[in-house]
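Subject: Structure for your review

Dear colleague,

Please find below the structure we discussed. My findings follow it, and I would be grateful for your comments.

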Amino acid sequence: MERSDTRELIAAVSTALGRWPTAGMAITVVRDGELVWTHNHGYADVAARAPVDEDTVFRVGSVTKTLTAVAVMQLWERGLVDLDAPAARYLRAFPLVPARPALRPATLRHLLTHTAGVRAVRGPADLLRPALGWGAPVGRAPSPAEYYRGGLRIDVEPGTKWAYTNHGFTALGQIVADVTGVPFAAYLREHVLGPLGMEDSDLVRTDRLLPRLATGYEVRSDGLRAVEDLEVVTAGGGGLYSTARDMARYAVALLGGGANEHGRILRPETLALMFQPHHRPDPRVPGVGLGFYPGDVGGHRTAGHDGIWKGFLADLLLAPDDGVGVVALGNTSAFDPRGAPTPTAEALLRLILGVPEERVRADVPQRPATWGDLCGRYTLGPGPLLDPQPRMVLGSAIDVLVRRGRLITRGRRPIPAVRRGLPLLPDAEDPDLFHVDLTDIGPGVVPVAFGRGPDGRVTAMHTGLLGTSYPRVPDRPRRGSQASSYSSSSSSSYSRSSSSSSSSSSSSV
């Protein structure tokens, strides 16, 4: 890249790091099939003063899900699996256990889109275990068959609800192993990592990778503190170790129709299928692809995935039509989505594409006549064992109400902006479409679309936060009240919504 371009990229990284501190971060940019820019910041190990370099190994968390999805789609290309067949047809190591006999079977497509009804946490006891039961001491991680000895529970009718889960992707990795007869880590090395030249990547903590593994940190009141080092039990959902250089090779292949200079992993039409939405509760939000999340940056189509693990954050962001991709890997995280890699990746992609930072129009007139339809409580349901990611940002239940003459949404997270309330900024044309600016939290500007039923009543709030929808809790008229509609005053709006449902949980996972 030109020197002037490099200066602008470094300035964009510095701006992001000014808002989101991290001990270390490695960034790569690919374009038109080549690695065109790398940038390393800070330390892989603060105590040893070991700087991040091109060989530093990071934990990429849920970016692993995209590789698990690739492995499943390889089997699909070979005719070994049917995406719409019951997953139980292929899964032999442990059963999928429906909460009710009447639930229809979950399919591979359901698992790939987080709509199989699989819970995020196996049971209440996992809420007290390291990393919600997803982690184990090094060298003591159980096999999936041992981990799910009693079966993996399905709580919700498959296909009806998006609920993010590591367990569903661990089941997909086990399906790959059961169908091929090869352990999933070995399959991934032989059929995905190896063909792409990703020699410094693995699901297993090998002797080759361990000496270069970055230390993970959290920011505490007294500074950086190293986090507990755990193995990922749900390996297919978040266990990959990799370097920014290897992830750049992966990005080149994803942008190149499934191939890079080292080899091919998928056909172009298969990757195109994976980038498309397969679960989309409302056409005004991006929806969910097969292992990837579709999106849009300034009118440019995107696909990608971020990753979170204790002490680590990662982001893979692609603009397929433009042939541009950004990878950002960091080693500081409080096990939530807020951190440097995601805003850094988007800032760099915007700079490369010539797209300015997204700003929500503040000059669109408010429509107070519609507020009575929208105000109320919306909840993830059906309990604290589902949807950990959205709970980290907004909480399990949110209220839409009017405060100081503005329509706002208020969550129940210990994040000041969320608890105070975030303005719902109206769309210029659609009275049921709004945007919420979550830039200070990390996700950026997010669309919020209110869906209505056949009778015209608002039934749900659909967001651009992954695939999250918040169904509306039915209004409960107060004793002595004739109407169930919401007043446009802040006091009456909040009193009605705060008493409307005891089924919503304010706990977070």
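Helices here are DSSP runs of H or I with at least four residues, and they are numbered from the N terminus. The model is a predicted one.

By that numbering, Ala253 belongs to helix H8, which covers residues 244-255. Ala253 counts as buried because its relative accessibility is 0%, where the cut-off for buried is under 20%. Leaving aside residues up to four places away in sequence, Ala253 touches Leu196, Gly258, Ala259, Asn260 and Leu271. Pro268 lies 15 residues from Ala253 in sequence, with a C-alpha to C-alpha separation of 9.9 Å.

Turning to helix packing, the axes of H2 (residues 64-77) and H5 come within 10 Å and cross at roughly 35 degrees. This crossing of H2 and H5 is left-handed. On the H2 side, the contact is made by Lys65, Thr68, Ala69, Ala71, Val72 and Leu75, and on the H5 side by Asn166, Phe169, Leu172, Gly173, Val176, Val179 and Thr180. Eight residues of this contact are nonpolar, four are polar and one is charged.

Helix H5 also takes part in the second largest pocket, to whose lining it gives the largest share, four residues. The volume of this pocket is about 470 Å³. Its lining has 22 residues, of which Ala185, Leu203, Val204, Val233 and Ala235 are the closest to the centre. At least two lining residues come from each of H5 (166-180), H6 (184-193), strand S10 (230-232) and H7 (235-238). By class, the lining comprises 13 nonpolar, six polar and three charged residues.

Yours sincerely

Technical notes: Residues are numbered from 1 along each chain as its sequence is written. This is a predicted model: local features need pLDDT of at least 70, side-chain atom pairs count only at pLDDT 80 or more; totals for chains, interfaces and linings use all residues. Side-chain values use heavy atoms; hydrogens and water are left out. On a 1 Å grid over the protein atoms alone, a cavity is a set of points where a 1.4 Å probe fits but cannot get out, and a pocket is an open set with protein on both sides within 12 Å along at least five of seven lines; lining residues have an atom within 4 Å of a point. Grid points are joined across faces, edges and corners, and a volume is the space filled by probe spheres set on the points. Ala, Val, Leu, Ile, Met, Phe, Trp, Tyr, Cys and Pro count as nonpolar, Asp, Glu, Lys and Arg as charged, and the others, Gly among them, as polar. Buried means under 20% relative accessible area, exposed over 50%, partly exposed in between (1.4 Å probe, protein chains only). Contact means heavy atoms within 4.5 Å. Axes are lines fitted to C-alpha atoms, for helices over the stretch in contact, and angles run from 0 to 180 degrees between N-to-C directions. A crossing is left-handed if the near helix is turned anticlockwise from the far one by less than a right angle, and right-handed if clockwise.
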